[in-house]
Amino acid sequence: MKILMVTSEAVPFAKTGGLADAVSALAVSLEKLGHEVAVVMPRYYRIDRSRLELLPGPMAVHLGGQEIWTGVYKSSLPDSSVPVYFIDHEQSFGRDGIYGVPGETDFNDNPVRFSILGQAVFQLCRKLHWFPDIIHAHDWASALAPILLKFNERHGEFAGTASVFTIHNIGYQGVYSKHFFPYTGLAWDNFYSAGFEDWDRMNFLKAGIFSADKLTTVSPTYAREIQMPEYGFRLDGILRFRSGDLTGILNGVDTDIWNPSTDKLIPQTYTAKTISKKAVNKIELQKRMNLAVDESIPVIGIITRLADQKGVSELFGPAYGSAYQICSDMKLQMVVLGSGEAWCENELSSLASRLPNFRTYIGFNESLSHLIEAGSDFFLMPSRYEPCGLNQMYSLLYGTLPIVRRTGGLADTVENYNEQTGTGTGFVMDNLNPSSIYNTVGWAIYAWYNKKEHINAMRLRGMEKKFGWDTSALNYVKVYESALKK
Ligand code: ADP
Ligand code: GLC
């Protein structure tokens, strides 16, 4: 099968979150299964042109009424021959930031920028004389591709092409003034017929959900949750309407990158059999973060976007967040790596100045994220909602017990500890509020000091888990086949 991935992020080129990991890993896994896969994304400023191959000739993109000229650069995903095509349009993408920059979290011309991406998909295929069986788009910024396929392009070379749209996060929908609608290149009729209309504004994600042949999201539980008002962010109705076309497929883990036995970013590799060596990483983490070096004190790690989705208000909210009380009352250390909302960054610094056992690194730091996974004893992720979540899976594989809220992919990957039998792979809370976080962390710390044999057995159980992308890729192939039959 020929599959074209349309995305706004892909590692190692541009990443704000798990979307970038998921798209690249899926593309490579599909290629390993024998499919012909390509990726298309914008050439952001931060992607160094000198390391890319420039394809000859400019490429015209019709941007509602007007025609703009773009360049196309090419590279490939590491350890694969999956080509990545970068759409180069300096005015739109030649600036810092993927969707925005601190202080301007959503560029006001984003509907134009991502209309260019959607339109460029079809021009690129024509330029390459390569026509995919499947156009697979991810999240709102790529949603225009399946919409254009359905309403403008499904003829000629694209007559047999089907589309799949994956929702990685329904909290980000791409909602803008309808004055931007003409940039999509669609007729005004399609404002309603393609499902864009949202209280008289245009909603890219909604139209993508409405228009794609098949829909997926990144865990079975999240596929159910988004059909309910509590989690659907106002799109639960349309998702119930399309329920028969929606599948939840759990993301995998790229074990070339996240594997404690081969990880090059940690001081000491280890396996389930040599788990005692994990302590070397803990000591290094304590040193690096300027904490008391003591193997017997449990370390809780957190790596996260500082966004409401991740439960950061309940954890770090000024005055009411639970982190201060947890660190004051319990004999533990807490290490937080994150960046995002300004109030939260400030609060983290303030906590670090008031608590001897709380340390934080504000910013994005790949190697520290590996050290935290390897060096912590527990990993805290009390998400309000979590489509899949990657860090709890990394944690399981690194023998670091996850403490999570029962939602989305967290519910699908972490089994709650049973104190009587010692079974489980982590600690699970049902509610999101400061006291349930406090109590669940307290329960985990109690087990650390009093039920060591349970903790050790849980660690080994987690390390044996398989989160291979190969299984997920096979499930995507089934969805592609059903899309082609539609
Ligand atoms: P989301 O995509 O919602 O942010 P995921 O758990 O799917 O959540 O993926 C987050 C990814 O981003 C993980 O690979 C995580 O390690 C990484 N990450 C998040 N924040 C940081 C940070 N400050 N520094 C390094 N890596 C980070
Ligand atoms: C989103 C979700 C996260 C998921 C990731 C990759 O950013 O918030 O839960 O793991 O996409 O699918």
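I started with the shell around ligand 1, whose residues split into five nonpolar, ten polar and five charged. For the classes I counted Ala, Val, Leu, Ile, Met, Phe, Trp, Tyr, Cys and Pro as nonpolar, Asp, Glu, Lys and Arg as charged, and the others, Gly among them, as polar. Housekeeping: this is a predicted model, so local features need pLDDT of at least 70 and side-chain atom pairs count only at pLDDT 80 or more, while totals for chains, interfaces and linings use all residues. Residues are numbered from 1 along each chain as its sequence is written, chains are lettered from A and ligands numbered from 1 in the order in which they are written, and side-chain values use heavy atoms, with hydrogens and water left out.

**Ligand 1**

I looked up who surrounds ligand 1 (a residue is near if one of its heavy atoms lies within 4 Å). There are 20 residues, the closest being Gly 18, Arg 305, Lys 310, Gly 363 and Leu 390. Then I went for polar contacts, i.e. pairs of N or O atoms within 3.5 Å; within protein, one must be able to donate a hydrogen and the other to accept it, and residues adjacent in sequence count only if both atoms are side-chain atoms. On its own, ligand 1 has 560 Å² of accessible area, and the protein covers 93% of that. I took areas from the Shrake-Rupley method with a 1.4 Å probe; for residues, only the protein chains shown count as cover. Strand S14 (299–306) gives the largest share of this shell, three residues.

**Ligand 2**

Next I listed the surroundings of ligand 2, which include Gly 18, His 168, Asn 251, Arg 305, Gln 309 and Glu 386. By class that shell has four nonpolar, six polar and two charged residues. A backbone N or O atom of Gly 389 sits 2.8 Å from a ligand 2 oxygen, and a polar side-chain atom of Gln 309 is 3.0 Å from one. Alone, ligand 2 exposes 310 Å², of which the protein buries 94%.

**Cores**

I checked the nonpolar cores (sets of buried Ala, Val, Leu, Ile, Met, Phe, Trp, Tyr and Cys residues joined through side-chain atoms within 4.5 Å). The largest has 112 residues; Leu 239 and Phe 196 are among those touching the most other members. Helix H3 (residues 110–128) gives the most to this core, nine residues. A second, separate core has 34 residues, including Leu 306 and Ile 437.

**Backbone and one histidine**

Most residues other than glycine have a negative phi, and most peptide bonds are trans. I noted a cis bond between Val 11 and Pro 12, omega about 5 degrees. Phe 233 has a positive phi of about 45 degrees, and Arg 234 has one near 75 degrees. For burial I used under 20% relative accessible area as buried, over 50% as exposed and partly exposed in between (1.4 Å probe, protein chains only). Phe 233 is partly exposed at 35%, while Arg 234 is exposed at 52%. His 89 is buried at 10% relative accessibility, and its side chain makes a polar contact with the side chain of Ser 92 (2.7 Å).

Terms used: Helix = DSSP H or I, 4+ residues; strand = E, 2+ residues; numbered from the N terminus.
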